[in-house]
Amino acid sequence: MAAAMASAAERAVLEEEFKWLLQEEVHAVLKQLQDILKEASHRFALPVSGSEGTIKQENFVLSTSGTDQVKGVLTLQGDALCQADISLKMPRNNQLLHFAFREDKQWKLQQIQDARNHVNQAIYLLMNRDVNYQFKTGSEVLKLMDAVMLQLTRARNRLTTPATLTLPEIASSGLTKMFTPALPPDILVNFYINLNKLCLTVYQLHVLQPSTTKNFKPAGGSVLHNPGAMFEFGNQRYEVSHVHKVECVVPWLNDALVFFTVSLQLCQQLKDKISIFSSYWNYRPY
């Protein structure tokens with residue numbers, strides 16, 4: 001009898017705590033998440049509808065500790081490379097080549113645009129309810145956290161996982177037409193984001209003659225192709241002879257990645273609290 005009463009009293013306390021969690025703590029966490037993700041969204045500094053003023057331009061110097069074959073300065077404006085000034089020293093004759101973006105061209109960095117879109121979708125999910133709305137079940141909260149975490153994971157992955165491209169895809173990219181003077185046919189370039197860095201890869205090629213004894217094996221998709229990679233483009237076969245990768249740190253990308261990590265941790269902590277309550281009694285919030 002006493003045990004039953006204790007059990008009932010314990011259950012009542014747990015139900016009160018769970019009710020407080022749903023009515024108070026959940027909303028506090030959602031507000032905290034909104035504030036963090038709004039800060040993350042602001043870091044991307046992309047134009048929003050109705051906003052005024054221009055986005056500031058930031059200049060970054062490309063460098064690497066391994067070589068000075070490639071040097072450059074990039075100008076980033078939101079999600080667009082609006083200027084690029086690149087110098088390339090050709091190893092075979094030490095010839096110095098210089099290329100810059102045409103004045104009428106900008107190169108959109110789709111990774112940045114996609115990441116911010118996912119952040120904004122997460123914010124929408126967090127705010128998409130009446131201010132006085134009360135959650136009734138743990139299941140409801142878990143589903144919301146899963147949906148928010150999915151968007152945050154996608155946002156983070158867009159910055160941490162550059163697209164894999166084949167060499168013909170790079171060769172046919174609009175990026176090859178961005179420069180003045182035009183890139184020679186034995187040079188390929190690719191820009192991408194990797195974590196908090198803006199990267200430039202320059203591929204120097206040599207033509208494979210029909211009489212070559214090399215076994216032609218076209219390379220597949222990759223973030224970074226190595227010397228020796230072969231491909232066919234425009235009825236001509238090429239082999240990568242040299243690869244140069246230079247990069248620069250973009251501080252606000254690092255900020256955004258930290259915000260993603262903190263937000264994902266908050267979501268997981270709230271999910272864990274909901275799950276703990278479900279293990280105490282037969283009521284299951286799933």
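Visitor: Is Glu25 buried or exposed?

Guide: In this predicted model, Glu25 is buried, with a relative accessible area of 18%. The cut-off for that term is under 20%.

Visitor: Which residue does the side chain of Glu25 meet in a salt bridge?

Guide: The partner is Lys273, and the N to O distance is 2.3 Å.

Visitor: What does Asp146 pair with?

Guide: The side chain of Asp146 meets that of Lys271 in a salt bridge, at 2.6 Å from N to O. Here too, distant parts of the chain are linked: Asp146 is in helix α3 and Lys271 in helix α5, 125 residues apart.

Visitor: Which accessibility values go with Asp146 and Lys271?

Guide: Asp146 has a relative accessible area of 40% and is partly exposed, whereas Lys271 is buried at 18%.

Visitor: What about Asp114, where is its partner?

Guide: Asp114 forms a salt bridge with Arg158, and their closest N and O atoms are 3.0 Å apart. Asp114 sits in helix α2 (residues 110-127) and Arg158 in helix α3 (residues 138-160), so this pair ties together parts separated by 44 residues in sequence. Arg158 is partly exposed, with a relative accessible area of 21%.

Visitor: How many salt bridges does the structure hold, and which residues are linked in a network?

Guide: The structure holds 11 salt bridges. Glu39, Arg43 and Asp255 are linked in a network of such bridges.

Visitor: Changing topic: which residues touch the most other members of the largest nonpolar core?

Guide: That core has 69 residues, and those touching the most other members are Phe44, Met145, Phe179, Phe191, Leu200 and Phe260. Another core, of 10 residues, lies apart from it and includes Leu167, Ile170, Leu205 and Phe231.

Visitor: Take Leu200, then. What does it touch beyond four places in sequence?

Guide: With residues up to four places away in sequence not counted, Leu200 touches Leu62, Val70, Ile86, Val189, Asn190, Phe191, His244, Lys245 and Val246. Phe191 is also among the core residues that touch the most other members.

Visitor: Where do nonpolar side chains tend to be in soluble globular proteins?

Guide: In such proteins, nonpolar side chains tend to be buried together.

Conventions. Residues are numbered from 1 along each chain as its sequence is written. This is a predicted model: local features need pLDDT of at least 70, side-chain atom pairs count only at pLDDT 80 or more; totals for chains, interfaces and linings use all residues. Side-chain values use heavy atoms; hydrogens and water are left out. A nonpolar core is a set of buried Ala, Val, Leu, Ile, Met, Phe, Trp, Tyr and Cys residues joined through side-chain atoms within 4.5 Å. Buried means under 20% relative accessible area, exposed over 50%, partly exposed in between (1.4 Å probe, protein chains only). Contact means heavy atoms within 4.5 Å. A salt bridge is a side-chain nitrogen of Lys or Arg within 4 Å of a carboxyl oxygen of Asp or Glu. Helices (H or I, at least four residues) and strands (E, at least two) are DSSP runs, numbered from the N terminus.
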